[in-house]
Amino acid sequence: MLARRILTRLLTTLVTLLGVSIVVFVVIRVVPGNPIAMMLPPGATQADIDRLNALYGFDRSILAQYFIWLGGVVQGDFGTSIQTRQPVLDLVLRRLPATLELAIMALVIAVALGGFLALTGTRLRGTATEGAIDVGNGMALSIPDFLWGLVLILLFGVLWPVFDISGRVSPSLVPEFYTRFFLFESVLRLRFDLWLDLVRHMLMPALALAIPLAAIIGQLLKQSLKETMHLDYVTLARTKGYGENHVIVREALRNAVLPTLTLIGVQFTFLIGGTVIIERLFSYEGLGNMAIDAVINRDLPLIQGIVIVFALLFTVINLIVDLLYTVLNPRLRNA
Amino acid sequence: MLDARDMVKRRLGLRLWLSGGWLVLLLLAALMAPWIAPHDPLEQDLFTSRLPPFWMAGAEPGYWLGTDSLGRDVLTRIMYGARVALIVALVAGTATMLIGAALGLIAGYYRGWPDMVISRLIDIWMAFPPVLFAILLIAVLGTGLTSVIIAIIVIDWTRFARVVRAEAMAQGAMDYVASAQVAGQRRLGIMLREILPNVLPTIVALLTLEMGIAVIVEAILSFVNLSISTDDPTWGGMIAEGRTSIHQAWWVLVFPLAALFLTVLSFSQLGEGLKDRFDPVLR
């Protein structure tokens, strides 16, 4: 039964991805303004234009273009960027690690911060502190990452300039690493000076992405904890003489954490979506920043590639969360 | 016994008034901007560039919140920017609600193939990073107020569709719907007369939330210079300009940011407050 569930999910994921590719293709082909004309110097002959059109396949019908492109994608060929004339896949893969590191750092911050707020709120329930946490969460929730980013730039870039608010790494320190996962590889290579520089650059954009998610986690986890605290087995643990901290962390948390886990999965995709504008705001050299440049330059193959990679990331995360939920939830295991 | 938590929360009864008050103030400023704004929003004067706000040394009278690097009055531009923000909030918010809620109702109540098509579309939409999608749409549609509004509708209808679909589904399974069916009402009638009124509080709360989101999306688009024409004052455009001169003239960033912050917060707090008011259980 589990295998069948997984298979159905895989199939719907595939349908979603196909749908995404069709939507992107349709939207992009409506673009007025010929990207080829922008590549050529003024005074180029019609023959030159035709040759380039043929090279990028723009002279075929839209349907034919779609299937040629799709055929390439299946084989790992995302086409060639019009702006830089490099393979799209190379460009995307060079930027993807930066975005993934940023998103994961934001996720870790959000879970730590949200978990701390939920546990504190539960431990001090009924006090003014809990009320303050509720109010703070409510406000943090309704302000999106873009605004938090600007606030953080003002606070820690200008008012009290302790963090870098521009770029991914100081220009003098750009490493010659094997992978583009600088943060990860700098630890493996024990380059802690570099690691610190990376963190100084990443912390503010990551925090901007993390604040709304931390508020959501704090709110939901606290609510689940509250419901669990009334259950018999928690009361039993209390009568056994365990302290309140032990009861919350060791007994209640274990049963309360499941709804939050599912929520984190869905919200993580929203967080990754947020990297697009946050990277722009902090001039962080990730995929999102490149995407905005690609749109402004009308680099069609690059836009297609980036959107597909984002969609792939989103659907894979949703798939993993779904399957994880099936495995973790004992009630669904035999369903 | 008085719960200390309640005291903190009770003070929030104010929030409906505070957020409503800010939005009314903003609306008045936007409507009357041509008559009450101290300057022309596009008037440039390099002799008065980067003037600080009124309480700082070097401030000029008449330029309350200072000027930007081209000598344009910040307060005036915030008032004119409020026009764009509020038009987008009202028009895009309402249109998104109408389309999203209609699709959600149909999917949730009729089920069957309409639900299958709409749910699949929602899945596909959820796989797009919304900001990137919006920027892409503006690149295709061209800049301008109409394009911004269309882009917001296209990316955000799923927010209403998802929630309304789930609610309509839950309502559709209830006894009163079954008895209306037995009484011989037509399905369209049941959907509009029985289900819709019960889903309406949720839709209204989502609407105010969506208005705040529309304001943010417009600000983001004008921040990357893809909203309305670059000359017209927008909060996002002012923020983008302020970001580049942040170390020389912080006020060019801070004041439009504060306006944006308060507006988004007010819309969402208004929604929360209205939801509590409408909620029959809490009332």
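**Notes on the two-chain model**

1. In chain A, 16 residues of domain 1 are in contact with 13 residues of domain 2. Helix 1 (2-29) and helix 2 (35-39) of chain A each supply at least two residues of the domain 1 side that touches domain 2. Helix 1 of chain A gives the most to that side, with eleven residues. By residue type, the domain 1 side divides into ten nonpolar, four polar and two charged. Please keep in mind that this is a predicted model.

2. The domain bounds used above are 2-74 for domain 1 of chain A and 92-334 for domain 2 of chain A. The centres of these two domains, taken over C-alpha atoms, are 33 Å apart.

3. On the overall make-up of chain A: it has 14 helices and zero strands. The C-alpha trace of chain A spans about 85 × 55 × 40 Å along its principal axes. Of the 335 residues in chain A, 37% are buried. Counting contacts in chain A with a separation of 6 or more, 73% are between residues 24 or more positions apart.

4. Chain B has eleven helices and zero strands. Along its principal axes, the C-alpha trace of chain B spans about 75 × 60 × 30 Å. Buried residues account for 48% of the 283 residues of chain B. Among contacts in chain B with a separation of 6 or more, residues 24 or more positions apart make up 70%.

5. The interface between the chains comes next. Here 35 residues of chain B are in contact with 39 residues of chain A. On the chain B side, at least two residues each come from helix 1 (4-10), helix 5 (112-126), helix 6 (130-141), helix 9 (187-223) and helix 11 (251-278). The chain B residues that touch chain A divide into 28 nonpolar, two polar and five charged.

6. Which residues touch the most other members of the largest nonpolar core? They are Ile306(A), Leu132(B), Ala134(B), Ile135(B), Val215(B) and Ile220(B), in a core of 166 residues. Domain 1 and domain 2 of chain A both give residues to this core, so the core lies between them. One of the residues named here, Ala134(B), is in contact with Ala151(B), Ile155(B), Val217(B) and Leu221(B), leaving aside its neighbours within four places in sequence.

7. Helix 9 of chain B deserves a separate look. This helix has 37 residues, but its end C-alpha atoms are only 46 Å apart, short of the 54 Å that a straight helix would reach at 1.5 Å a residue. Helix 9 of chain B bends by about 55° at Leu196(B), and Pro197(B) follows within four residues. Just after the helix, Asn225(B) takes a positive phi of about 65°.

8. Is helix 10 of chain B largely enclosed or largely open? Nine of the ten residues of this helix (residues 235-244) are buried, so helix 10 is largely enclosed by the rest of the structure. The buried residues are Trp235(B), Gly236(B), Gly237(B), Met238(B), Ile239(B), Ala240(B), Glu241(B), Gly242(B) and Arg243(B). Note that the list includes Glu241(B) and Arg243(B).

9. Gly149(A) is found in helix 7 of chain A. Gly149(A) counts as buried because it has 24 C-beta neighbours inside 10 Å. Not counting residues up to four places away in sequence, Gly149(A) touches Pro205(A), Ala208(A), Ile278(A), Leu281(A) and Phe282(A). The C-alpha atoms of Gly149(A) and Phe268(A), 119 residues apart along the chain, are separated by 17 Å.

10. Leu152(A) is also found in helix 7 (residues 145-159) of chain A. Why does Leu152(A) count as buried? Leu152(A) has 21 C-beta neighbours inside 10 Å, and the cut-off for a buried residue is 20 or more. Leaving aside neighbours within four places in sequence, Leu152(A) is in contact with Met204(A), Leu207(A) and Ala208(A). Between the C-alpha atoms of Leu152(A) and Phe163(A), eleven residues apart along the chain, the separation is 9.6 Å.

Note on methods:
Residues are numbered from 1 along each chain as its sequence is written. Chains are lettered from A and ligands numbered from 1 in the order in which they are written. This is a predicted model: local features need pLDDT of at least 70, side-chain atom pairs count only at pLDDT 80 or more; totals for chains, interfaces and linings use all residues. Two residues are in contact if their C-beta atoms, placed from the backbone, lie within 7 Å. Ala, Val, Leu, Ile, Met, Phe, Trp, Tyr, Cys and Pro count as nonpolar, Asp, Glu, Lys and Arg as charged, and the others, Gly among them, as polar. A residue is buried if 20 or more other C-beta atoms lie within 10 Å of its own, exposed if 12 or fewer, and partly exposed in between; C-beta atoms are placed from the backbone. The expected span of a helix is 1.5 Å times one less than its number of residues. The bend at a residue is the angle between axes fitted to the seven residues ending there and the seven starting there. A nonpolar core is a set of buried Ala, Val, Leu, Ile, Met, Phe, Trp, Tyr and Cys residues joined through C-beta atoms within 7 Å. Domain bounds come from an automatic or database domain assignment.
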